[in-house]
Amino acid sequence: MRRSPQRPHRRAGEEAAAPELDRLSALPDALLHRIMSSLKAWEVVRTCVLARRWRHLWASAPCVDLRLGADDDAPEEFARFARRLFRRRDASAAVDTLRLRSSDEDGAFDEEDARSWIRAAIKRKAREIHLIGHRNGLASLEHTAFVSRHLKILKLSYAQVDDNLFKQLSSRCPSLEEMDLKDCLLSGSEISASSLKTLTMVNCNMFWGLTISAPNLVLLRCITPIAQAPSFKNLDSVVSGTIILDDYRFSGDFEDFSKDELDETTNDDDEFDSDDDDDSDADTKRKRKSGYGFGFSQKRHKSSGYNNRKDYGSDIDSDDHTYQYSEIANECVESGYACSGNNSKKDGSHQVYGGNSGCSDSKILGGP
Amino acid sequence: MAAPESGDGNNGAARMVTLISSDNTRFEVEAAAASLSQTLQLTILDGGGGGGDGIPLPNVDSATLSKVLEYCIKHAPAAANGGAPNATAVDRAELERFDNEFVNIDQSVLYSLIMAAHNLEIEGLQSLVAKKVADMIKGKSPMEIRRTLGFPDPTPEEQAEMNAHMLEYGWAYE
């Protein structure tokens, strides 16, 4: 049944001697590993019994997914299983991606277990780590673990990120390019990372105020921050930015703060204000295009300091850069953020932007 | 991103390219669709595949290529817009529905697709087919997996090896 076109791609490695390879097993390791990347860690290990061809594949699988779901048929002694997994893996094979939860609600493993797996993955050159905490128990990360030349992508959900971690990431993870924070409590005061190229923050609480300083950031998405909006500096490289604010999520304190003391906070952003007149037009156009064409006060828009960076001007309307916008909007909906506009009924006093269309509670201030 | 094609579209008809399968069947397809393949994109950007030339694909037979192109044509509009700026939930649901249908196919075609998507570097298709095979593995016993994936029945020797391995890897089961 095997067709000739596939033959040249067969690895001439260890299994070439087995004549009766089924078609799937005849695929190169990289493709079988790719399939394994959609499996949980225990399912990956179990493939070792399938056939000789699969015996050792699990040990070098690039993705270790330890996220334990309620319906999963996982090993009972889960923590012990994970320890063994790391110990018995092929030591020379990098753990490219680690996905895990911070602890198990049913007690199969605790935070210390999860931390040890993160350490193990970082030791094995992890390029990407996804950690999910719990709605009722934010993950707290052990910042000292994050020393890595390899870590490129960090995705956190329901986690607390403090200054120690932010500092550690910016000083000890020189390859970190992408940070994706969802439903996180950002108790640090500054994200300052020169390697960072993509930063996504969705539903993150920045109660204590957050300054983002990332001179090489290309893509910025800040969706419905809670309590306060962040302030920005050194965003000279940003090509594409989406900021959606929901004033219903801002604390009353912030309202007062923003009205009274805003001048101070805008200083950092003055450099962006200098020649953004073109942006205003583009901004309007873009909003119409994407269906969020409600008006908001241009004055407020400018004084808030979260307005368009001049960097957006040149290619602001190119299709290349508009897609993230809808992705974000969709993501917001998916993550339970409803663009219903009903907050105006609940609390009219928060309508400082004067928005009134179908999506009046979200304000798009940055470019798509 | 398949953005480079946007310029061509302004002159009316979209630019077409010809792809030639390993068994010499010619497929004419919009450049934007073929450009979902990272491998082809560069060639097409250089102006290849147009006119009577065609781009030979010696590793992909016609049955597989037509399937690959079915995927590309469906996904091209969204990709050309860099991920569909105006994609509504309906559009997304429609693509999802298409994808689910698309991989509901004979195993031999599926495995050919894995290889083709890999050779042509079509990221979305690679993920889609890999995930489909992973779904075929999930929640099954080793013997069930073997049957589902189309492995030949194990010889008694192999069966003994499997059993021995199950014991050795008990830590991944119990």
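Of the 368 residues in chain A, 54% count as buried. That is a handy way into this structure, which is a predicted model. Chain A is built from 12 helices and 15 strands. Take the contacts in chain A with a separation of 6 or more: 56% of them are between residues 24 or more positions apart.

**Two spots in the loops of chain A**

Let's start with A:Thr224, in the loop that runs between strand S12 (219-223) and strand S13 (231-233) of chain A. Is A:Thr224 buried or exposed? Its relative accessibility is 0%, so it counts as buried.

Another loop of chain A, the one between strand S10 (198-202) and strand S11 (211-213), holds A:Gly209. This glycine has a relative accessibility of 14%; the cut-off for buried is under 20%, so A:Gly209 counts as buried. Which residues does A:Gly209 touch, leaving aside its neighbours within four places in sequence? They are A:Gly188, A:Ser189 and A:Gln228. As for A:Leu156, 53 residues away from A:Gly209 along the chain, the C-alpha atoms of the two are separated by 19 Å.

**Salt bridges**

Side chains of opposite charge can pair when their charged atoms come close. How many salt bridges does the structure hold over all chains? The count is 23. Here are three of them, with the N to O distance for each.

| Residue | Partner | N to O distance |
|---|---|---|
| A:Arg53 | A:Asp29 | 2.7 Å |
| A:Arg52 | B:Glu161 | 2.8 Å |
| A:Glu190 | A:Lys233 | 3.8 Å |

Begin with A:Arg53 and A:Asp29, whose closest N and O atoms are 2.7 Å apart. This pair links distant parts of the chain, 24 residues apart: A:Arg53 is in the loop between helix H2 (41-46) and strand S1 (63-65) of chain A, while A:Asp29 is in helix H1 (residues 29-36) of chain A. Both partners are tucked away from the surface by the numbers. A:Arg53 has a relative accessible area of 7%, so it is buried, and A:Asp29, at 17% relative accessibility, counts as buried too.

Next comes A:Arg52, whose side chain meets that of B:Glu161 in a salt bridge of 2.8 Å, N to O. Here the pair crosses between chains, going from the loop between H2 and S1 of chain A to helix H8 (residues 156-168) of chain B. A:Arg52 counts as partly exposed because its relative accessibility is 42%. B:Glu161 is partly exposed as well, with a relative accessible area of 23%.

The third pair stays inside chain A. A:Glu190, in strand S9 (residues 190-192), and A:Lys233, in strand S13, are 43 residues apart, and the pair links distant parts of the chain. The N to O distance in this salt bridge is 3.8 Å. With 29% relative accessibility, A:Glu190 counts as partly exposed; A:Lys233 has 27% and also counts as partly exposed.

Which residues do salt bridges with shared partners join into one network? They are A:Arg52, A:Arg55, B:Glu157 and B:Glu161.

**Where the two domains of chain B meet**

Now over to chain B, where the domain assignment gives domain 1 (3-138) and domain 2 (139-174). Seven residues of domain 1 are in contact with six residues of domain 2. About 520 Å² is buried between these two domains of chain B, and carbon and sulfur atoms give 50% of that area. Which residues of domain 1 lose the most area to domain 2? They are B:Met136, B:Ile137 and B:Lys138, which together make up 69% of what that side buries.

What holds for polar pairing between the two domains? The count of salt bridges between domain 1 and domain 2 of chain B is zero, but six residue pairs are in polar contact. On the domain 1 side, helix H5 (107-120) and helix H6 (123-137) of chain B are the elements that give two or more residues. H6(B) supplies the largest share, four residues. By class, this side of domain 1 has four nonpolar, one polar and two charged residues.

Technical notes. Residues are numbered from 1 along each chain as its sequence is written. Chains are lettered from A and ligands numbered from 1 in the order in which they are written. This is a predicted model: local features need pLDDT of at least 70, side-chain atom pairs count only at pLDDT 80 or more; totals for chains, interfaces and linings use all residues. Side-chain values use heavy atoms; hydrogens and water are left out. Domain bounds come from an automatic or database domain assignment. Contact means heavy atoms within 4.5 Å. Buried area is the accessible area (1.4 Å probe) that two parts lose on being put together, summed over both. A salt bridge is a side-chain nitrogen of Lys or Arg within 4 Å of a carboxyl oxygen of Asp or Glu. A polar contact is a pair of N or O atoms within 3.5 Å; within protein, one must be able to donate a hydrogen and the other to accept it, and residues adjacent in sequence count only if both atoms are side-chain atoms. Ala, Val, Leu, Ile, Met, Phe, Trp, Tyr, Cys and Pro count as nonpolar, Asp, Glu, Lys and Arg as charged, and the others, Gly among them, as polar. Buried means under 20% relative accessible area, exposed over 50%, partly exposed in between (1.4 Å probe, protein chains only).
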